[in-house]
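Try each task before you read its solution.

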There are 2 protein chains.
Amino acid sequence: MTDATDADAADRPAATPPDLPIAVDAMGGDRAPAEIVAGAERAAAELGLPVALVGDPDRIGATSLEVFPASEVIGMDDDPGQGVRRKKDSSLVRAAEAVRDGRASAMVSAGNTGATWGAALLRMGRIKGVARPAIATPLPRPGCDTPLVLLDAGANADAQAEWLLQFAQMGTVFARQRFGVDRPRVALLSIGEEPGKGDALRKEAHPLLADPGWADRVGAEFAGNVEGRDLLQPGVDVVVTDGFTGNVALKSLEGAMRTLIGAVLGAFDTDDDTRAAGEVLMPALLPLYGQLDPDATGGAMLLGVDGVCIISHGSSSATAIVNACRVAAESVASDLVGAVTRAVRPES
Amino acid sequence: MTDATDADAADRPAATPPDLPIAVDAMGGDRAPAEIVAGAERAAAELGLPVALVGDPDRIGATSLEVFPASEVIGMDDDPGQGVRRKKDSSLVRAAEAVRDGRASAMVSAGNTGATWGAALLRMGRIKGVARPAIATPLPRPGCDTPLVLLDAGANADAQAEWLLQFAQMGTVFARQRFGVDRPRVALLSIGEEPGKGDALRKEAHPLLADPGWADRVGAEFAGNVEGRDLLQPGVDVVVTDGFTGNVALKSLEGAMRTLIGAVLGAFDTDDDTRAAGEVLMPALLPLYGQLDPDATGGAMLLGVDGVCIISHGSSSATAIVNACRVAAESVASDLVGAVTRAVRPES
């Protein structure tokens with residue numbers, strides 16, 4: 001994956017460390033708090049970023065970082081809406097409040113995705129003009145310099161056509177700022193390439209997306225429909241869909257990758273000959289594994305809320321948190337929120 | 001994959017060759033007519049099945065098989081609805097008419113999927129009580145004896161909750177008859193395992209599926225929600241969804257598999273050492289490739305029309321057509337249509 005600070009430096013402000021700390025939800029994720037705390041400390045030490053932890057000081061333990069105390073945790077299995085409403089002293093809610101109140105520059109969480117969305121939406125609020133914030137997930141593609149940006153990856157299960165147009169506008173800004181794609185090619189996920197293919201939502205969204213007005217204004221190009229099999233291929237940079245379909249597609253891709261990698265590794269382990277052959281092949285396969293490693297991408301971005309909010313995957317390691325903090329700092333420095341605000345103005 | 005005739009022979013009639021020929025659309029598919037004709041001839045010779053070709057006799061050329069003439073072809077890029085309505089002498093429409101008129105026992109096509117659905121629906125008609133026929137696609141799973149049955153894989157882009165219940169009933173019959181799963185576990189594709197997760201359609205469908213009445217009657221078990229990442233895992237036998245989501249999920253899985261296999265084979269081809277290691281590993285990897293080969297599954301089944309209709313994938317080889325004819329003959333012999341008819345009775 002291209003490092004966003006190198007790819008297109010001329011277009012964007014340099015990623016200088018933000019003055020305010022990045023608020024890292026210490027309690028969120030399968031490996032919290034230990035891996036999360038370790039990642040936050042590494043981000044501060046290795047990247048020179050100001051980082052604060054949000055959570056229960058007793059469970060966080062000794063740390064060199066500032067701690068924003070929060071006594072409650074919204075678990076991975078908690079209902080997101082109830083969790084955010086009832087656990088007002090949870091690490092997620094407190095992290096979002098820190099951004100809202102100007103005590104943090106951004107938030108990072110590997111916790112409950114729906115609750116992260118809810119906490120950010122309720123505490124930070126939406127950017128003016130945004131109908132619904134969406135989760136933009138970068139999908140690494142073997143052999144491609146830049147990942148595909150898929151949105152919405154799960155926040156809005158039921159979507160409207162106009163929202164998909166806003167997702168296209170926000171995704172364009174994200175692909176440009178984060179991955180240096182100068183003029184992103186944006187496509188609609190459907191079940192056939194012809195404009196009329198798809199369900200009622202797609203048939204309504206296609207003409208909105210095909211209108212060149214928005215694309216010219218934000219510097220994008222509408223590339224028509226793509227299908228599920230195109231998601232890991234080069235050709236387009238941003239794919240928009242409703243949160244239900246986006247989440248199913250994302251998890252289908254992840255599941256297929258995991259299943260197939262497991263089956264290939266199983267074949268390597270057949271006997272001594274295949275084990276030896278597998279060792280010869282490992283150096284050639286490692287770049288592929290590295291490219292597909294979700295810890296390397298820095299996580300998904302919640303676009304459309306009035307603040308930078310990174311959603312890391314639930315199994316995030318310390319390395320994933322380091323990368324998430326790096327992306328958060330870059331997004332603050334490049335004024336991602338300002339760029340999204342300008343991109344979602346209604347078409348005249 | 002388990003051979004359907006061996007797995008559960010006691011439950012079902014033996015697969016005796018049907019008296020009427022299987023009508024094979026000679027003009028449908030990327031490799032038509034040559035590969036399709038070759039496959040049909042092999043099915044007749046190797047399996048002892050009566051097979052007829054449907055299409056343009058001049059383009060089919062010399063053949064030992066009976067030919068049902070049809071002067072038109074509905075192309076892969078033709079609009080399905082227009083194609084079926086306007087090309088009344090197309091091979092697809094004539095194949096469906098042959099089944100309707102009692103001149104063929106079943107139809108097989110590797111052509112335009114939407115047009116196959118349309119031709120079967122309009123010419124064969126629906127089974128009484130079926131709201132919408134659905135495409136049931138078997139998904140091979142590495143390490144599993146039986147594939148997952150996913151439906152609807154693309155026929156009904158906009159679906160209603162009651163249809164998903166019928167898909168569950170039809171999918172149960174299909175998993176039992178074709179793959180010998182005695183009491184199929186049926187799940188709803190969603191974006192979270194809890195019953196309340198998903199979009200409006202899923203929230204409406206879940207309680208219908210969770211009602212034990214239908215499952216007891218057809219001999220199934222409702223297993224709740226599954227996510228995209230579960231589709232290649234063991235655990236459930238049938239997954240129901242709308243045709244839009246089903247098609248996106250199916251193509252996402254196929255795309256991920258193809259991309260990853262390509263990347264792994266690319267790593268094998270790095271230098272002489274990796275090429276040699278790759279050759280050592282090939283025998284261990286071949287069973288995996290064989291299991292994932294779509295030509296081996298015999299194609300998807302259109303469930304809910306009043307006749308057996310196999311939808312083979314567009315790139316079908318002669319081997320894929322042989323397997324499709326075998327599955328067609330088995331489905332006729334086991335009275336799949338009768339079993340579906342009994343399964344879709346409205347719940348009392």
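**Exercise 1. A helix residue and its surroundings**

Find the helix that holds Ala175(B), and list what this residue touches. Keep in mind as you work that this is a predicted model.

*Solution.* 
- Step 1: Ala175(B) belongs to helix H7 of chain B, which covers residues 161-179.
- Step 2: Its relative accessibility is 1%, so Ala175(B) counts as buried; the cut-off for that label is under 20%.
- Step 3: Leaving out residues up to four places away in sequence, Ala175(B) touches Val149(B), Gly180(B), Val181(B), Pro184(B) and Val238(B).
- Step 4: Now look along the chain to Val186(B), eleven residues from Ala175(B); the two C-alpha atoms are 9.9 Å apart.

**Exercise 2. Pairs of rings**

How many aromatic pairs does the whole structure contain, over all chains? Decide whether the rings are stacked or edge-to-face.

*Solution.* 
- Step 1: The search over all chains gives two aromatic pairs.
- Step 2: One of them is formed by Phe174(A) and Phe179(A), with 5.9 Å from centre to centre and 85° between the planes.
- Step 3: An angle over 60 degrees counts as edge-to-face, and that is the label for Phe174(A) and Phe179(A).
- Step 4: In chain B, the ring centres of Phe174(B) and Phe179(B) are 5.9 Å apart and their planes are at 85°, so this pair is edge-to-face.
- Step 5: Phe174(A) is buried at 1% relative accessible area, and Phe179(A) is buried at 3%. Phe174(B) is buried at 1%, while Phe179(B) is buried at 3%.

**Exercise 3. A charge over a ring**

Which ring face does Arg103(A) lie over? Look for Arg103(B) as well.

*Solution.* 
- Step 1: Arg103(A) is placed over the face of Phe68(A), 5.4 Å from the ring centre.
- Step 2: In chain B, Arg103(B) lies over the face of Phe68(B), also at 5.4 Å from the ring centre.

**Exercise 4. A strand covered on both faces**

Work out which strands pair with E6(A), and in which sense.

*Solution.* 
- Step 1: Start with the side chains. In a regular strand they alternate between the two faces of the sheet.
- Step 2: Strand E6 of chain A spans residues 148-151, with Leu148(A) and Leu150(A) on one side and Val149(A) and Leu151(A) on the other; all of these are buried, and both faces are covered.
- Step 3: E6(A) pairs with strand E5 (residues 134-139) of chain A over three bridges, in the antiparallel sense. Here Leu150(A) is the bridge partner of Thr137(A).
- Step 4: E6(A) is also joined by three bridges to strand E9 (residues 238-240) of chain A, and these two run parallel. Leu150(A) has Val239(A) as its bridge partner in E9(A).

**Exercise 5. A covered helix**

How many of the eight residues of helix H13 of chain A are buried?

*Solution.* 
- Step 1: Helix H13 (residues 336-343) of chain A has six of its eight residues buried, and is mostly covered.
- Step 2: The buried ones are Leu336(A), Val337(A), Gly338(A), Ala339(A), Val340(A) and Ala343(A).
- Step 3: Elements that cover them include helices H7, H9 and H12 and strands E10 and E11 of chain A.

Notes. Residues are numbered from 1 along each chain as its sequence is written. Chains are lettered from A and ligands numbered from 1 in the order in which they are written. This is a predicted model: local features need pLDDT of at least 70, side-chain atom pairs count only at pLDDT 80 or more; totals for chains, interfaces and linings use all residues. Side-chain values use heavy atoms; hydrogens and water are left out. Rings of Phe, Tyr and Trp (its six-membered ring) pair if their centres lie within 6.5 Å; planes under 30 degrees apart count as stacked, over 60 as edge-to-face and the rest as tilted. Buried means under 20% relative accessible area, exposed over 50%, partly exposed in between (1.4 Å probe, protein chains only). A charge sits over a ring if NZ of Lys or CZ of Arg is within 6 Å of the ring centre and within 35 degrees of the ring normal. Helices (H or I, at least four residues) and strands (E, at least two) are DSSP runs, numbered from the N terminus. Two strands pair if DSSP finds at least two bridges between them. Contact means heavy atoms within 4.5 Å.
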